[in-house]
Amino acid sequence: MAFLQLKKSVVFVLFFSVLFFILPVAVHAERLSVTVPKANIRSGPGSEYDIIWQVGYYYPLQVVKKSGSWCQFSDYEGDTGWINRQLISSTPTVITVKDKCNIRSGPGTGNQVVFTADRGVAFKIIAKKDTWIKVQHPDGDLGWIYQSLVW
């Protein structure tokens with residue numbers, strides 16, 4: 001009987017340890033973005049690892065793990081890779097997740113469409129108003145996008 005009670009206590013402690021210590025870290029994962037025109041994404045934490053793809057300005061990353069001067073991340077498609085910390089910052093950014101997203105002159109569908117963006121276009125966040133985000137493209141173009149169209 002004492003063994004069963006001890007086993008229940010251990011399970012209880014483990015459950016609450018996960019709940020209070022591990023889950024908050026996952027919920028508050030660090031979001032960073034690329035600060036250079038072209039950054040190599042590698043298969044491991046070092047320049048000796050293969051380049052698996054490249055990304056540019058404002059590409060948003062969700063940090064998964066850090067190793068020395070390298071960060072492992074996942075992106076809006078769930079792809080993972082490694083990037084050197086010198087190429088990223090905490091600048092808030094988003095990326096379009098839908099085809100043909102309207103970027104408008106103001107926060108609302110009544111405002112004029114100033115340009116459209118295909119899926120996978122990254123923007124820096126300038127401001128927010130309700131469910132709208134004012135964004136800036138790397139080429140300087142500004143506008144407002146509805147938040148459900150971005151990650």
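Start by selecting Asp118, which is partly exposed, with a relative accessible area of 41%. The model on screen is a predicted one.

**Stop 1: Asp118 and Lys100**

Show the side chain of Lys100 as well. Asp118 and Lys100 form a salt bridge, and their closest N and O atoms are 2.9 Å apart. Asp118 sits in the loop between S10 and S11, while Lys100 sits in the loop between strand S8 (93–95) and strand S9 (101–104). The two residues are 18 residues apart, and the pair links distant parts of the chain. Is Lys100 buried or exposed? Lys100 counts as exposed, because its relative accessibility is 57% and the cut-off for exposed is over 50%.

Side chains of opposite charge can pair when their charged atoms come close. How many salt bridges does a search of the whole structure find? The search finds three, and the next two stops show the others.

**Stop 2: Glu77 and Arg119**

Select Arg119 next, then Glu77. Their side chains meet in a salt bridge, at 2.8 Å from N to O. Glu77 belongs to the loop between S5 and strand S6 (80–84), and Arg119 to the loop between strand S10 (113–117) and strand S11 (122–129), so this pair ties together parts that are 42 residues apart in sequence. Glu77 counts as partly exposed at 42% relative accessibility. Arg119 also counts as partly exposed, at 40%.

**Stop 3: Glu30 and Lys66**

Now select Glu30 and Lys66. This pair forms a salt bridge whose closest N and O atoms are 2.8 Å apart. Where are its two ends? Glu30 is in the loop between helix H1 (2–27) and S1, and Lys66 is in strand S4, 36 residues apart. Glu30 is partly exposed, with a relative accessible area of 34%. For Lys66, also partly exposed, the value is 42%.

**Stop 4**

Keep Tyr59 selected and display what surrounds it. Beyond its neighbours within four places in sequence, Tyr59 is in contact with residues including Leu32, Trp53, Tyr76, Ile95 and Ala122.

How values were computed:
Residues numbered from 1 in each chain as written. Predicted model: local features only at pLDDT ≥ 70, side-chain atom pairs only at ≥ 80, totals over all residues. Heavy atoms only, no water. Contact = heavy atoms within 4.5 Å. Salt bridge = Lys/Arg side-chain N within 4 Å of Asp/Glu carboxyl O. Helix = DSSP H or I, 4+ residues; strand = E, 2+ residues; numbered from the N terminus. Buried < 20%, exposed > 50% of the residue type's maximum accessible area, 1.4 Å probe, protein only.
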